[in-house]
Amino acid sequence: MIEVKNLTKTYGNARGINDVTFSVNKGEILGFLGPNGAGKTTTMRILTCFMPATSGQATVAGYDVFEDSLNVRKRIGYLPETVPLYTDMLVPVYLRFVAGLKAVPRKEIKKRVDEVMEQVGLTHMAHKFIGELSKGYRQRVGLAQALINDPEVLILDEPTIGLDPKQIIEIRSLIKGLGGKRTIILSSHILPEVSMVCERVIIIDDGRIKAMDTPENLMKQLNMESRLTARISGPAADILAGLKKLDGIKTVDHLGGDSSERGAQKYVIECREGFTPSPQIARIAVQNKWDVYELTPMRMSLEDIFIKIVTHEETKQ
Ligand SMILES: Nc1ncnc2c1ncn2[C@@H]1O[C@H](COP(=O)(O)OP(=O)(O)OP(=O)(O)O)[C@@H](O)[C@H]1O
Ligand SMILES: [Mg+2]
């Protein structure tokens, strides 16, 4: 449904995106994951015909975004980073206005506005001016305007940014429900978010694609070596030497003391793939009369994942 080939965009001397290639199948929900300035918005703006690329190719439903932008726009609903909303319009009035712009047949406009408001949970805000709405509800108006012409393709730029946790859950399940029939690309810089909603994830950093896989495979690949944090009291040198000798442990770092428990020191333990060394650690602690205050698996943060992917890329070259 969406084909992107060697897409590059430069802003003067600055590089927006560099040689980006990917495709999205019909009905698929693809996540675009990357830190600030990675190139997510740039890619989405090109796909939605808001600006041309410097080089490369992109098609949506077989239509070229540069040469056939009218046909592309007809098929796309776009939730931009900041939605240009008219604050002095009532919600349904604004949506009817957008429906007109997007060439929804006149007779169908009212019905379509009602449907979309219901779909995104805005029906009870029908009497409100957009300027009166909270950020979360404005975001819903943004989604509603993207859906108004019942597009085959949805491009959603950070759809849950600025929402409270309850609204995040609601919007996520709403987006998930929109998949299947529609092809969706959504961007985020939160890994759990894309894992929950998307079937496939592209990690983009510094304008380049660094990884592309299912969330499960990505997590598996990146969690091959797991880490534990431990707080143990006892002679640090003995603990370090003792832990390092255990099977499946790669490295142990001593991070120093902790004022909350008497003498408890913090350690970060890196384990080899497939090893769960907690029982061995507990055993060796008992043997040596060390007290274990904490033994917690560390979850990888997005930053860790990026660092890992980037360093992996560099060592390959
Ligand atoms: N209009 C512009 N003029 C100059 N440089 C730009 C412009 N828009 C984006 N850039 C640059 O292109 C790069 C990618 O920006 P982009 O907005 O696509 O990132 P992003 O992944 O959407 O980031 P964020 O998470 O902050 O929204 C950045 O280095 C940015 O500074
Ligand atoms: Mg952006």
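This note walks through a predicted model point by point, from its overall layout to single residues.

1. **Reading the model.** Residues are numbered from 1 along each chain as its sequence is written, while chains are lettered from A and ligands numbered from 1 in the order in which they are written. Since we have a predicted model here, local features need pLDDT of at least 70 and side-chain atom pairs count only at pLDDT 80 or more, whereas totals for chains, interfaces and linings use all residues.

2. **Domains.** The protein chain is assigned domain 1 (2-220) and domain 2 (224-299); such bounds come from an automatic or database domain assignment. The centres of the two domains, taken over C-alpha atoms, are 45 Å apart.

3. **Around the ligand.** Helices (H or I, at least four residues) and strands (E, at least two) are DSSP runs, numbered from the N terminus.

4. **Helix H1.** H1 is mostly covered, with 7 of its 8 residues buried. A residue is buried if 20 or more other C-beta atoms (placed from the backbone) lie within 10 Å of its own, exposed if 12 or fewer, and partly exposed in between. The buried residues of H1 are Lys-40, Thr-42, Thr-43, Met-44, Arg-45, Ile-46 and Leu-47. After H1 comes Cys-49, with a positive phi near 70°.

5. **Strand E3.** In strand E3 (residues 29-33), 5 of 5 residues are buried. Ile-29, Gly-31 and Leu-33 point one way, Leu-30 and Phe-32 the other way. E3 pairs in the parallel sense with strand E8 (residues 183-188) over 5 bridges, and with strand E9 (residues 200-205), also in the parallel sense, over 4 bridges. Two strands are said to pair if DSSP finds at least two bridges between them. To find these pairings by eye, look for Ile-29 opposite Ile-184 in E8 and for Gly-31 with its bridge partner Val-201 in E9.

6. **Strands E6 and E7.** Strand E6 (residues 76-79) is covered on both faces: Ile-76 and Tyr-78 lie on one side, Gly-77 and Leu-79 on the other, and all are buried. E6 runs parallel to E7, joined by 4 bridges, and Gly-77 has Leu-154 as its bridge partner in E7. Leu-154 belongs to strand E7 (residues 153-156) and counts as buried because 22 other C-beta atoms lie within 10 Å. Leaving aside residues up to four places away in sequence, Leu-154 touches Gly-77, Ala-146, Leu-178, Arg-182 and Ile-184; contact requires C-beta atoms, placed from the backbone, within 7 Å.

7. **Helix H3.** The buried residues here are Val-91, Pro-92, Tyr-94, Leu-95, Val-98 and Ala-99. Seen down the axis of H3, they fall within an arc of 155°, so they line one face of the helix; the arc is that of the directions from the helix axis to the C-beta atoms. Gly-100 and Leu-101, on the other side of H3, are exposed. The cover over the buried residues includes H4 and helix H5 (135-147).

8. **Positive phi values.** Most residues other than glycine have a negative phi, which makes a few positions worth a look. Ala-103 is not a glycine, yet has a positive phi of about 60°. Ala-103 sits in the loop between helix H3 (91-101) and helix H4 (106-119), and is exposed because it has 10 C-beta neighbours inside 10 Å. Asp-19 also has a positive phi, near 55°. Asp-19 lies in strand E2 and is partly exposed, with 13 other C-beta atoms within 10 Å.

Conventions:
Contact = placed C-beta atoms within 7 Å.
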